Amino acid sequence: MKIKILTLFPEMFDGFLTNSIIKRAIAKKIVKIQIINIRDYTKDKYGRVDSAPVGGGAGLIMKCQPIIDVLKKNSTKNSTKIMLSPRGTQFSQSMAHVLSKEKEIILLCGHYEGIDERVNKYIDKQISIGDYILTGGELGSMVISDAIIRLLDGAIANESTEQESYENGLLEYPQYTEPYDFNGDKIPDILYSGNHQAIAKWRQKQSLQITKQNRPDLFNKYELTKQDKKLLDEGNKKASWELAAIEKGKKFIK
C-alpha cells in the first residue's frame, strides 16, 4: 500500500515515520509512505502558498494552484484523494478498515484558515477526525495513517487487531499483567482459571458493562445477543460458571 501525504510542513513527520509499528511496517515493505512538500509546486514568484481571503477575513488561505498541481502530479488511477476537513465524514475504525483495502491514498493537509474552495472538485472524499480544530491537517493525517497501517497484513499480529476496542462494536475488556497483587489491588481470579470459555464470557461481560457505562452512544448501536443480555442481567453478581472457574483456578494464583 502507498500513502502520500501532502503538507506544508514535512518535518512534522520525522518522528512518526521512524518509530514503533510504522517504522517496522515501512522496513517490511508493507507500506510505502511519501511525504510531499506542497511548497515545491507553487508558481508564485515569491514562493508563497497562501494569501489573504478574497472579500476580507482573518488569517490566510492556502492557494489553489500549488495544491491542484501537486495533486495532478502525484495522483494515479489507483489514488483515493482525501482532504482533512471539518466538513468531512468523521473517521472511525470501520472507515479505517475500508481505507486499508485501497492501493494508494493521498492525504491533503490543510493549514492556516483553510484551503481555496476550488480544490474540492479535485478531491474524492473529505474526512474529519473529530469535532475540534487543529492548527493543520498533519496530526490528523498521522492518526488516519496509523489506524490504517496497523490493519495491513503483517504490520501487527492479527489477534491484536481482532480483540481491540471498536472492532466488535464494544470497548475492550480490562487487561492485566503480573504481579497478581499490587498494593492490595488484585487481578480477577477467573483469569487464572485456565478455562478459556469462561474467560471469554467474563471478558465479554466486562466489555458490555464498560461500554454501557462509558460510551452509551456505542452501546445503543450494538445489537445484543441472547448471551449478551444474560451477561448484562447478571450485573456485578458472579454467575455459577464464573464461580466454578474461579474455584478451579485458585491453585494457580501466586
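Modeller: Start with helix α5, residues 138-149: its twelve residues reach 16 Å from first C-alpha to last, close to the 16 Å expected at 1.5 Å a residue. This is a predicted model, so local features need pLDDT of at least 70 and side-chain atom pairs count only at pLDDT 80 or more, while totals for chains, interfaces and linings use all residues. Residues are numbered from 1 along each chain as its sequence is written, and side-chain values use heavy atoms, with hydrogens and water left out.

Biologist: What makes α5 a helix, and where does the expected span come from?

Modeller: A helix is a DSSP run of H or I with at least four residues, a strand is a run of E with at least two, and both are numbered from the N terminus. The expected span is 1.5 Å times one less than the number of residues. With twelve residues, α5 is expected to span 16 Å, and its reach is 16 Å.

Biologist: Why is Glu-138 called buried?

Modeller: Buried means under 20% relative accessible area, exposed means over 50%, and partly exposed is in between (1.4 Å probe, protein chains only). Glu-138 has a relative accessible area of 1%, so it counts as buried. Glu-138 belongs to α5, where nine of the twelve residues are buried. Among them are Gly-140, Met-142, Ile-144 and Ile-148.

Biologist: What does Glu-138 contact, leaving aside its neighbours within four places in sequence?

Modeller: Contact means heavy atoms within 4.5 Å. On that basis Glu-138 is in contact with Thr-7, Leu-8, Phe-9, Met-12, Phe-13, Cys-109, Gly-110 and His-111, with neighbours up to four places away set aside. Its C-alpha is also 8.7 Å from that of Leu-84, which is 54 residues away in sequence.

Biologist: Then what makes Asn-183 exposed?

Modeller: Its relative accessible area is 72%, and the cut-off for exposed is over 50%, so Asn-183 gets that label. Asn-183 sits in the loop between β8 and β9 (185-186). Its phi is near 55°, a positive value in a residue other than glycine. Ser-20, in helix α2 (residues 20-27), also has a positive phi, near 55°.

Biologist: What about Pro-66: buried or exposed?

Modeller: Buried, because its relative accessible area is 1%. Pro-66 is in helix α3, residues 64-74. It touches Ile-38, Tyr-41, Thr-42 and Val-49, not counting residues up to four places away.

Biologist: Zoom out. What does the whole chain contain in helices and strands?

Modeller: Ten helices and nine strands.

Biologist: Why is the chain called more spread out than a compact globule?

Modeller: The radius of gyration is taken over C-alpha atoms, and the globule rule is 2.2 Å times the number of residues to the power 0.38. For 254 residues the rule gives 18 Å, and the chain has 24 Å, well over that, so it is more spread out than a compact globule. Its C-alpha atoms fill a box of roughly 80 × 40 × 40 Å along the principal axes.

Biologist: How much of the chain counts as buried?

Modeller: Of the 254 residues, 43%. As for contacts between residues at least 6 apart in sequence, 74% join residues at least 24 apart.
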